[in-house]
Amino acid sequence: PSAETAQSADDAHGHSHAPDGSHQLSGDAAAEIRDAYVVRATNLAPEYVQLANNVEIIENVSAASMGGSRTFTHEGYFAPLLFGEQLRAYTLRLEPGMFLSEHPHPTESIVYTMSGRWVLCSEGKRQVMEAGSIFHFGSNMPTGWEAAFPEGADVLIFKMKREGEDYKSFAEGMAATAASIEKQLKEGTSFYYHQLAADHPAIVFAKQHNPAFDQLLEASKTT
């Protein structure tokens with residue numbers, strides 16, 4: 001395609017190039033370019049690279065999700081990644097034996113499986129999700145997850161950002177969530193397979209897809 005055609009195509013996607021295919025900086029912007037710097041990890045946030053104003057990079061999502069900013073709940077380990085203008089990204093680690101019944105979520109999400117296997121449930125239907133799979137659920141659509149395999153799973157979640165949300169408010173919200181879930185667990189809500197009846201559809205499905213599920217079930221009883 002011609003340079004004019006390429007530029008028009010870029011404009012349609014929200015960015016533009018010079019006719020020779022390079023990006024151009026206006027005014028004195030070129031003189032303001034400086035080296036990227038690293039924002040070190042804290043107990044609230046992972047380490048990330050500040051490449052430019054409003055351009056942040058996490059070089060290794062798996063490593064970031066194992067850092068000190070993650071929070072344990074009986075739904076899994078939640079770890080913040082990045083907060084954009086309208087979007088936020090975080091990870092969820094599902095440990096073998098965890099079970100979360102279907103429940104609605106107020107905002108839509110896109111969820112990518114980074115590693116492992118797990119079971120997605122919605123409207124009573126189940127699907128094994130594996131590394132490399134991605135799915136979307138809409139606002140107020142009930143979904144649940146089940147960790148039916150010995151390796152567990154790590155998923156990457158993209159959601160709309162709540163107004164004013166940042167690393168501090170995310171940590172505070174997760175601490176409150178963890179306390180609420182702990183209370184629910186003590187009151188009898190099921191968050192693990194071993195709390196379910198032997199003929200529960202989640203267990204029936206798990207046994208169909210994991211021949212060694214009985215060992216996983218037994219091990220989860222120590223949780």
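## Briefing: helices, strands, cores and salt bridges

R40 is exposed, with a relative accessible area of 57%; exposed stands for over 50%, buried for under 20%, and partly exposed for values in between, using a 1.4 Å probe and the protein chains only. The model is predicted, so local features require pLDDT of at least 70 and side-chain atom pairs count only at pLDDT 80 or more, whereas totals for chains, interfaces and linings use all residues. Residues are numbered from 1 along each chain as its sequence is written, and side-chain values use heavy atoms, with hydrogens and water left out.

**Overall composition**

- The secondary structure of the protein consists of five helices and twelve strands. Both are DSSP runs numbered from the N terminus: helices are H or I with at least four residues, and strands are E with at least two.
- Of the 223 residues of the protein, 37% count as buried.
- The accessible surface of the protein is about 12,900 Å², and 54% of it belongs to carbon and sulfur atoms. Such areas come from the Shrake-Rupley method with a 1.4 Å probe, and for residues only the protein chains shown count as cover.
- Contact means heavy atoms within 4.5 Å. Among contacts in the protein between residues at least 6 apart in sequence, 62% join residues at least 24 apart.

**Nonpolar cores**

- A nonpolar core is a set of buried Ala, Val, Leu, Ile, Met, Phe, Trp, Tyr and Cys residues joined through side-chain atoms within 4.5 Å. In soluble globular proteins, nonpolar side chains tend to be buried together.
- The largest nonpolar core has 32 residues, and L92, W118 and F135 have the most contacts inside it.
- At least two residues of this core come from each of β5 (76-83), β6 (87-94), β8 (109-122), β10 (134-137), β12 (153-160) and α3 (167-186). Helix α3 supplies the largest share, five residues.
- Leaving aside residues up to four places away in sequence, F135 touches S109, I110, V111, W118, L120 and M129.
- A second, separate core of 13 residues includes F99, A202, A206 and L217.

**Helix α5**

- In helix α5 (residues 213-220), the buried residues are F213, L216, L217 and S220. They line one face of the helix, because they fall within an arc of 100 degrees when α5 is seen down its axis; the arc is that of the directions from the helix axis to the C-beta atoms.
- An α-helix has 3.6 residues a turn, so residues three or four places apart point the same way.
- The exposed residues Q215 and E218 lie on the face of α5 turned away from its buried side.
- The cover over the buried residues of α5 includes α4 (201-209).

**Strand β8 and its partners**

- Two strands pair if DSSP finds at least two bridges between them.
- Strand β8 pairs with β12 in the antiparallel sense over seven bridges, and V111 stands opposite I157 in β12.
- Strands β8 and β9 (residues 125-130) form an antiparallel pair with six bridges; here L120 stands opposite Q127.
- The hairpin of β8 and β9 has two residues between the strands, and E123 in this hairpin takes a positive phi near 55 degrees.
- Strands β8 and β10 run antiparallel and are joined by four bridges, with Y112 standing opposite I134 in β10.
- Strand β11 (residues 143-146) runs antiparallel to β8 and is joined to β8 by three bridges; G144 in β11 is the bridge partner of C121.

**Salt bridges**

- A salt bridge is a side-chain nitrogen of Lys or Arg within 4 Å of a carboxyl oxygen of Asp or Glu. The structure holds twelve salt bridges.
- Side chains of opposite charge can pair when their charged atoms come close.
- R40 forms a salt bridge with E47, and their closest N and O atoms are 3.1 Å apart. E47 is partly exposed, at a relative accessible area of 37%.
- R88 and E165 meet through their side chains in a salt bridge of 3.2 Å, N to O. This pair links distant parts of the chain, 77 residues apart: R88 lies in strand β6, and E165 in the loop between β12 and α3.
- Both R88 and E165 are buried, with E165 at 7% relative accessibility.
- A salt bridge of 3.4 Å, N to O, joins the side chains of R162 and E165. R162 counts as exposed, at 51% relative accessibility.
- R88, R162 and E165 are linked in a network of salt bridges.
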